[in-house]
Amino acid sequence: MVATYPPRTTSPLGWATRLLACPSCRGALRERGGHLGCAGCAKMYAVEGGTPQLREAGDARTDVVRDFYTAAPFPGYPPKDSLGSLRARAGRSEFAKLLDRAIPGDACIVEVGCGTGQMSLFLATANRVVIGADLTRASLELGASAARRFGVERVLFVETDLRRSGLREGAFDVVYSSGVLHHTPDPRASFAALARLARPGGIVVLGLYNAWARIPHRVRRAIGRMTGLKYIPLDPVLRDRAAEPARREAWLRDQYMHPEEHRHTTREVQRWFRECGIEYLRTYPDSLFGGEPLEGDALFQPADDDWAFENWASQVGWMKTLAHEGGLWVTIGRRADSTPALSPSESIGRKLA
Amino acid sequence: MILKRRGKIRRGLTVVASAAPSIADLARGMWKSEKRNRWLVPLVVFLCITGLVLVLASTVEVLAPFIYTIF
Amino acid sequence: MKILGISAHYHDSAAALLVDGMPVAAVQEERISRRKNDAAFPVGAIEYCLNQAGLEPEELDAVVFYEKPMLKFERILTMALREWPRTFSSFPHAMKSTLGEKLWVKGLIKSWLGVPSDKILFSEHHRSHAAAAMLTAPTRDAAILTADGVGEWAALTVGRGKRAGAKVEVDLLREIRFPHSLGMLYSTFTAFLGFPVNEGEYKVMGLASYGSPRFADRVREIVERTEDGGFRLDMRYFEYHTNAKRSFSNRLIDVFGPPRAPWEPLDPTSTEGRRFADVASSVQHVLEEILVEMCTRLRKELDVPDLCLGGGVALNGVCNARILRESGFERVFVPPAPGDAGCALGAALLADRVFFGNPDRDFPDHPYWGPALDPQELFRVAREDGLPAEELPNDDVVLDRVVRELQAGKIVGWMDGRTEFGPRALGNRSILSAPHTAEQRDRLNKSIKFREEFRPFAPAVPTEHASTYFELPPGGHRLGRFMSGVFPVRPEHRDRLAAVTHVDGTARLQTVDRDVSPRFHALLEAYGRKSGLPVLLNTSFNLAGEPIVNRAVEGYSTFRRCAIDMLVAGRCVVTKRADRTAEIDSGAPEEEAGLNAKEEAAE
């Protein structure tokens, strides 16, 4: 086992408590005898296996989703995983590389709906700090144990519900949430809660199922359901995972058996952004015609243009390009700042000064 | 000093214009070098001309985006 | 005469400019375009070269391309037809990738530079390698061996170079042709072991040290030696000549077991990892065996004391060191850029000295031909971001400060002068750290390089102290100049050089000359005075998947994105603020609670 360096002086909760808040009254939390105590309403929250439990009893629909993921944490870790192989897996995705490239090395990041925390671990390099938040304890435990195994120290997993979250608002440079809000009962309200987590000038990265791009998948799913999920035509992810039953099963559950699912359009998401004071930057993949492939830290730079017709036409095009993984697309925005003249990466740098 | 940014089509045409001598060179070279390769010459010339069309028609290949199933 | 050399289209394209026989500039396109291993036509590199000399393209006397694309096309076509119908499925792919821009280089050069056809020359791939190796080395008469994947037809050549007064000759005597290629053999096993071809080869070399060559006999069966001293590959084990997607055949899997998937973890202590390490070790062993024997023969045949090595295979430092020790050559020269990028320079030199017959000139013996650093740039961007940036009054203060940080275990990004030409960072674009502990190595691997733990880091040491810490054969100092050889660390120093000593007790050291890099040399000496050991860990200044930094702002961006503690560019020094966790920790919770409450009220 590799020795940790620099030697750990405090538990990860030490710094991370400042990024958390009481889910009940939004008061600040303090570590007290292995628990987190609220300075405002004096409630106490348990910390089990290094993962704080900042979740109050949820509504019935949320609990259904939670039970769904408790039964099968998604996405699972392959056996014998290491930080190197995790990075190698992420390296296959242009999007993951662009995201890693665009986030400054000393950013404070929250991943909402982190599942088993693979993206959180991937992003927790350099001087970054990452909070991975999820509803499901079983997933978080997998993430926390992987973090210990890989020796990743600057990540903390938190069990919480976005709608009454234990995360401090306005504290994060980057708020990342992909493939999550469309599984919540009211995605629009969930987004409002998500947007509040970003600090002024902070970046919001939101991945959702696209109403157009998911059509081919829904056709596929309808056929699949008719045969009791015995025959599912043309799903490349299932095909790729044929040799890995656990990962195949995870995809099958996530895509074909999910109890709660919504789909959205670029217009709709842009409206949410406006409502919450988030300035629209771009989508990934690009919603412009003939756009050059993104490079360097361009992911957080505003797109050249935002034209409704182009947006619509590219969504139709995504039926072809995005169908292979269920039609998920990403919208990126930036929370309005008092000094809006700065580019996002600069303002992140300045804020930290 | 910056190299002139000519349009893609104009650069393509320059390439096409200078291709004929290159093809002729190759064909002549192959004809002379090895007797048993002579039958290849018409094929090579044909492929070269096909290739020229490709120069003008070539576009940036876009990879399928890979956003959700990263892990 | 003003001659521009260009290499492009397969991996790492580059441009190099000679004016009156002397190099003015040479740089890989990836350093300018910021795309790793950029193989596109090197527009940025050409612009830099011309700017450096203040030339317009029309003023060039010749533009030399490093190989003959038409011959290459002929080879691909011939192979496709010879192996028909097995090549059926890969044929469209092969045609599509060759028939585009790659075939029409003359037109391409014309379209970018506007020079007339008669000024555009074509060298041959391996002759360019040979010239890059021989004409940059301080030797008058030398044997030459070049080996790589494949050029036009040749994959390995031997030859001889002579610089006798005015007359310069670089002649290739014999060649081994595709598909029989040591480079392809190594690359095939690189792919088999789950590493990316053309950049993961050195991982195979690193992994080899963990294993034993227990499969060497099986590899020898694949590489059959011929009586004339050459070799043939048993093509039943390979598919690179017929298949665009996979380079090895099922037969290879039958012999060595299943290949490794790139994202599978590799742990050389597990049974499966052990097998991969043993495969790597066996291939490395056989490669060394063959090359040492070929060089020994060449030494006897040509009876000259010097050997110049070129081609991508010359990046294999373990092999180079064995050739130096065992082949009988007294001196072995490997240029800083032996790969295809170096061919840009090789082709230009060949045109100047041999084709035009210009007078021979000694080539300055250093690799620093890239863009120069502008420290002010760093000063500006760091100040804009509000990071502590200082311009120190003189070099002594800079060195003093850097040494202090290094001694405290800090990691320093070190930028100075002009960018190196070639794949190695040789002290002008380097990440430096104390070389003493394994913890330091792990920290670098984990928080900066994000890479496998079995890959070693390299030490840099002043030439005059090299033998104190490393077991160098005669001529070893020279091989260390551009980090081209792997040599044992003296056992008594291994404990204190743990971060740069590989599992087998060796290190790929760089010997630093005062004349070549005075500032880096002074830094090593200063560190030696304080710590008693004038050795630093030197690794290239880049993050995984990115090219080595070139401009100060790129160094700055890299510094911001990883755990480098201090960035030095010339006399400009930037440090990071307090650790982010400490910063978050120091916030006042009551005030924050108030902030949240206020926002709540505003809604």
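Leu4(C) sits opposite Val63(C) of strand E4(C) in what is a predicted model. The two strands involved, E1 (residues 2-7) and E4 of chain C, pair in the parallel sense over four bridges; pairing here takes at least two bridges found by DSSP between two strands, and strands (E, at least two residues) and helices (H or I, at least four) are DSSP runs numbered from the N terminus. On another flank, E4(C) is joined by three bridges to strand E5 (residues 120-122) of chain C, and this pair runs parallel. There, Phe65(C) faces Phe122(C) of E5(C). In a regular strand the side chains alternate between the two faces of the sheet. In E4(C) (residues 62-65), Ala62(C) and Val64(C) point one way, Val63(C) and Phe65(C) point the other, and all are buried. Buried means 20 or more other C-beta atoms within 10 Å of the residue's own, exposed means 12 or fewer, and partly exposed is in between, with C-beta atoms placed from the backbone.

As for bookkeeping, residues are numbered from 1 along each chain as its sequence is written, while chains are lettered from A and ligands numbered from 1 in the order in which they are written. Local features need pLDDT of at least 70 and side-chain atom pairs count only at pLDDT 80 or more, but totals for chains, interfaces and linings use all residues of this predicted model.

The largest nonpolar core has 197 residues, and Ala344(C) and Ala348(C) touch the most other members. Such a core is a set of buried Ala, Val, Leu, Ile, Met, Phe, Trp, Tyr and Cys residues joined through C-beta atoms within 7 Å. Its largest share, twelve residues, comes from helix H11 (residues 271-302) of chain C. Leaving out residues up to four places away in sequence, Ala348(C) touches Ile3(C), Leu4(C), Gly5(C), Ala16(C), Leu18(C) and Val64(C); contact means that the C-beta atoms of two residues, placed from the backbone, lie within 7 Å. Apart from this core lies another, of 90 residues, including Leu20(A) and Val205(A).

Turning to chain A, eleven strands make an open sheet with mixed pairing, in the order E1-E2-E3-E4-E7-E6-E5-E8-E9-E11-E10. Strands E1 (29-32) and E10 (278-284) of chain A are at the edges with a single partner strand each, so one side of each has no neighbour in the sheet. Within the sheet, E6 (residues 129-134) and E7 (residues 155-160) of chain A run parallel, joined by five bridges, and Val130(A) has Val155(A) of E7(A) as its bridge partner.

Cys108(A) belongs to strand E5 (residues 108-112) of chain A. Why does Cys108(A) count as buried? Because Cys108(A) has 27 C-beta neighbours inside 10 Å. Neighbours within four places in sequence aside, the contacts of Cys108(A) include Leu19(A), Val129(A) and Phe172(A), along with Arg580(C) and Ile584(C).

Chain B puts nine residues in contact with 23 residues of chain A. That side of chain B comprises eight nonpolar, one polar and no charged residues, where Ala, Val, Leu, Ile, Met, Phe, Trp, Tyr, Cys and Pro count as nonpolar, Asp, Glu, Lys and Arg as charged, and the others, Gly among them, as polar.

A word on confidence: chain A has a mean pLDDT (the predictor's confidence in each residue, from 0 to 100) of 85, and 92% of its residues reach 70 or more. Over residues 1-10 of chain A, however, the pLDDT is below 50, and this stretch has ten contacts in the model beyond near neighbours in sequence. Where pLDDT is low, the predicted coordinates should not be read in detail.
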